[in-house]
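Work through the exercises below with the coordinates open. Each task is followed by a stepwise solution.

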Amino acid sequence: MSERAQLPGDLSLSRGAPTRRWMPILAAGLSIGQYARSVLHRVAALTAVLLVAIWALDGQGYLWPAWAWLGLAVPVLLDYTAGWAWRQSPGAVRRVACVWALAGVAAVILLLTWMLTWLLAGVREFWPAWALFGLATAVSSYSLFALHDRVLLAYGRRALRARIDLLTRTRRQVIATQAAELRRIERDLHDGAQARLVALTLQLGRAEMRVAGQPDVRDLIHDAQREARHAIGELRDLARGIVPPLLADRGLVAAVESLAARYGLGTEIVAEAHRTLAPAVESTAYFVVAEALTNTAKHADATRSWIRLTHERRALLVLVGDDGGGGADAEGSGLAGLRARVEALDGHLSVSSPSGSGTVVEVSLPCG
Amino acid sequence: MRVVIAEDLALLREGLVALLRENDIEVVAQVEDGPSLLRAIAGHEPDLAIVDVRLPPSFSDEGILAAIEARRRQPDLGVLVLSQYVETAYASELIGENTAGIGYLLKERIGDVRAFLDALRRVAAGGTVLDRQVVTQLLAPRGGPTDALSRLTAREREVLELMAEGRSNTAIAESLVVTPGAVEKHITNIFAKLDLPACHDDHRRVLAVLAYLQVAS
């Protein structure tokens, strides 16, 4: 709560920039508020002692300075209670705290007056008890009304947080399941449909060898084989689009190295990322690198390019940069499409491409 | 020729065994995973191992690792790796230091029985056979007008791809349905454009092309 304090009385040196503006006019390293308070406290204490001395010199008797103490205690008390109230969080809570502070001061005045009239003047009356009771009732009712919506809000906020937690958790599960499913589909395409088609071309090949003397049958078999080969090629492209085989087989670093080698840009690679990445993170990081390298090869006219895969505070950082012409349109390139994928993983994608000073694509993906 | 086959899909394995036996190639062992491949090679000392890339237990690059290990133990063993997809990284690793007796083909090439058996024999005899897709992949995204590869015509690229499979001029001509003379002309053009020393030996020609593509560096 202390960081919310804004009352001048609580401006202290440690609170940073806004306070420093006051520095030149501060005495002995105190803020204006602290200075005023220390003056107030000293004046009050001094006056109290002075009055006792006058009372003693005056021949003692009726302890009239007690009334002055009461008077002096009020501003000091107000100073403390107001300071406390102001430190409460802004809004309803602070309002209620202010009411409590004032009511507290009023209650103290009442109590002390009651005690002093009783002790010093011998007046024994019961009415202040009713006043105190009334005050307490009023303040309590006010607090209840003022904080009523706040209690509801706190409840609502708790429910909201629980909902966000649930959505975050289920989204993560859905993405993880989806990524695992895609890998399974990729594997199934290779080992299932594609393998069967390969077996089919093999059988057709064997059949072809046996009908060497029948050109019309051979042509038919040839056509069938061509169709099967096309189907195999389409399945392969489909599987590669889901997850490139090297990524599935050997992980992100190997896949990125192969990708960079294929572009022949002499890309410098620094990689810390290891195999234990979640499939969804791995695939997204891979497709970001692929897209960035494609852009570099196509548009950048770069002499150098580099890729860094590092871990920082439970996130995978992917950085792809080049020293080309820059000026890439972060929203227009294929990277905009990847942004959605990155954000679905609670990640962040940024593209920096000032004209003439290269392009840097930076992605952070939380993992674990 | 004595062959060991490592393929986990029974359908394909059996088809392959039948195909080889029909063509008088002896299949001495059929296995389903990497470790049994190494045992079979040690036990049978075959001329050639036909290996699927994705094998149990890991179902990732088990076949590549087993093939490399088998070659380390028996350097004169021919290894033909079959895969549903082509990865240039795997091609580079397979070729490694020792380019003799290595093949890396897409599985569907089995369908062209004659070319497949031809490739098998070349690998067993110490030749190098790389799928044309390896070349396609290496050529595909390279851009820029200064790139020598971009100066090749579509036809020349096709010839280059078939050359990587270690085919002879006659085989290339047959596959593209052109005359051997035309193929000869394309090859001369390719070597001139890529600034490679001309050579007529099919195997050395593959190596020159691969070295150019930085596969066998």
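**Exercise 1: charges across the interface**

Task: Find the distance, N to O, of the salt bridge between A:Arg236 and B:Glu108.

Solution. Take the side chains of A:Arg236 and B:Glu108; N to O, they are 2.6 Å apart. The cut-off for a salt bridge is 4 Å, so the pair qualifies. Keep in mind that this is a predicted model. Next, take the totals. Chain B and chain A share 8 salt bridges. They also have 16 residue pairs in polar contact, both residues at pLDDT 80 or more. The elements giving two or more residues are α1 (10–22), α3 (62–73), α4 (88–95) and α6 (132–139) of chain B. Of these, α1(B) gives the most, with 7 residues.

**Exercise 2: extent of the interface**

Task: State how much area chain B and chain A bury between them.

Solution. Start with the total: about 2,800 Å², 53% of it on carbon and sulfur atoms. Then find the leading trio. B:Arg54, B:Gln84 and B:Glu108 supply 23% of the area that chain B buries against chain A, more than any other three residues. Finish with contacts: 35 residues of chain B meet 28 residues of chain A.

**Exercise 3: one residue in detail**

Task: Decide whether B:Gln84 is buried or exposed.

Solution. Locate B:Gln84 in the loop between β4 (78–83) and α4 of chain B. Its relative accessible area is 4%, under the 20% limit, so B:Gln84 is buried. Check its partners: B:Gln84 touches residues including A:Gln194, A:Val198 and B:Leu106. A polar atom of its side chain lies 2.7 Å from the backbone oxygen of A:His190.

Notes
Residues numbered from 1 in each chain as written. Chains lettered and ligands numbered in written order. Predicted model: local features only at pLDDT ≥ 70, side-chain atom pairs only at ≥ 80, totals over all residues. Heavy atoms only, no water. Contact = heavy atoms within 4.5 Å. Buried area = accessible area lost by both parts, 1.4 Å probe. Polar contact = N/O pair within 3.5 Å; in protein donor to acceptor, adjacent residues only side chain to side chain. Helix = DSSP H or I, 4+ residues; strand = E, 2+ residues; numbered from the N terminus. Buried < 20%, exposed > 50% of the residue type's maximum accessible area, 1.4 Å probe, protein only. Lists of a residue's contacts leave out its neighbours within four places in sequence.
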